[in-house]
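Subject: Structure handover

Hello,

Here is the structure I said I would pass on. Please look through it first, then read the notes below.

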Amino acid sequence: MSTLRGNLQSISLTDVVQLLNVNRKTGKLHVINGRRSGTLYVLNGDVVHAETPLTVGESAAFEVLEWDKGEFEFVAVKFKCPTSIRRSVQDLLMEAARTSDSRKRLRAIFTNLHAVPWPTLKEPQLTQGLKLFPEDRKVLPFLDGYRDFTEVMATSNLNEVTVLQTCLTLKEAGRLQVLEPSVTVSVQPLKGGFFKKADHVELSKTVESVWRMMGPYRTDPIRHVRIIWPDGPAVEPVQFVSGLEDQVLAVPKELMQAWNLPEGIFVSVRPAP
């Protein structure tokens with residue numbers, strides 16, 4: 001049941017969050033700002049998780065809290081979600097305000113958060129002579145050339161500003177490239193055979209050759225791909241074959257049935273470790 005709704009031009013999102021906090025409310029705060037949308041998950045007045053189409057956790061909360069236009073609706077409902085935010089509401093709001101300008105500046109540089117940051121050097125050469133804070137150095141193990149920016153944030157539990165600023169420092173030093181390996185393909189049933197096990201997906205040799213010209217995929221064989229299904233991402237074994245159309249992902253019928261995937265649906269796919 002909806003308990004609170006309104007326009008952000010009439011009341012700020014900061015005031016709404018503080019109101020929910022004071023009254024110890026539990027539910028989902030949905031916010032729509034033009035084509036952008038986000039949800040803050042509130043438990044007993046505390047924001048414990050946040051999601052936008054591109055980010056989750058603190059980064060998503062900071063993005064939503066910047067919006068000063070749009071509509072919001074709070075729905076008092078029980079929910080299950082990961083606890084990705086552990087700050088108090090006051091601390092969350094203060095940090096959101098403090099880093100707002102930095103986020104906007106970095107987002108203007110890294111416009112695609114689904115791109116993949118790839119360091120071109122190994123340690124110690126990677127950071128030699130660079131000014132990096134201890135928090136920045138925590139980002140480095142997650143820059144593996146396979147995770148995109150949003151995944152680096154989610155798996156490292158580090159905020160957007162820290163991740164993007166670290167990547168910018170490396171990029172400006174000529175030690176990091178930003179890759180965009182994702183391709184959009186149409187799902188088609190994998191054609192089985194007596195000697196062909198349906199335990200993998202298939203892509204064309206052309207897709208493989210394109211990827212093999214990028215960053216870490218030049219030397220390491222690509223054995224898995226990350227597929228963004230409608231219900232979320234999944235990592236599957238892959239084989240590259242001749243004679244398959246470049247825009248096709250061949251998927252075993254069993255997997256299509258398990259994921260309730262209709263033939264012809266478009267998905268995004270990129271290399272995975």
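A residue is called buried when its relative accessible area is under 20%, exposed when it is over 50%, and partly exposed in between, using a 1.4 Å probe and protein chains only. By that rule, buried residues make up 46% of the 273 residues in the chain.

The model is predicted, so local features need a pLDDT of at least 70 and side-chain atom pairs a pLDDT of 80 or more, while totals for chains, interfaces and linings use all residues. Residues are numbered from 1 along each chain as its sequence is written, and side-chain values use heavy atoms, with hydrogens and water left out.

The chain as a whole

The chain has nine helices and 13 strands; these are DSSP runs numbered from the N terminus, with helices (H or I) of at least four residues and strands (E) of at least two. Along the principal axes, the C-alpha atoms fill a box of roughly 65 × 55 × 25 Å. Contact means heavy atoms within 4.5 Å. Of the contacts between residues at least 6 apart in sequence, 73% join residues at least 24 apart.

Strand β13

Strand β13 covers residues 266-272, and five of its seven residues are buried. Two strands count as paired if DSSP finds at least two bridges between them. Strand β8 (residues 183-189) runs antiparallel to β13 and is joined to it by four bridges; here Ser-186 stands opposite Phe-266. Strand β10 (residues 224-229) also pairs with β13 in the antiparallel sense, over five bridges, and Ile-227 stands opposite Val-269.

Ser-204

Is Ser-204 buried or exposed? Ser-204, in strand β9 (residues 201-204), counts as buried because its relative accessible area is 1%. Its side chain makes a polar contact of 3.1 Å with that of Asp-246. A polar contact is a pair of N or O atoms within 3.5 Å; within protein, one must be able to donate a hydrogen and the other to accept it, and residues adjacent in sequence count only if both atoms are side-chain atoms. Leaving aside neighbours within four places in sequence, Ser-204 is in contact with Phe-240, Val-241, Leu-244, Glu-245 and Asp-246.

Gln-247

Gln-247 lies in the loop between β11 (232-241) and β12 (248-251). Not counting residues up to four places away in sequence, Gln-247 touches Val-185 and Ser-186. Gln-247 and Lys-131 are 116 residues apart in sequence, and their C-alpha atoms are 43 Å apart in space.

Regards
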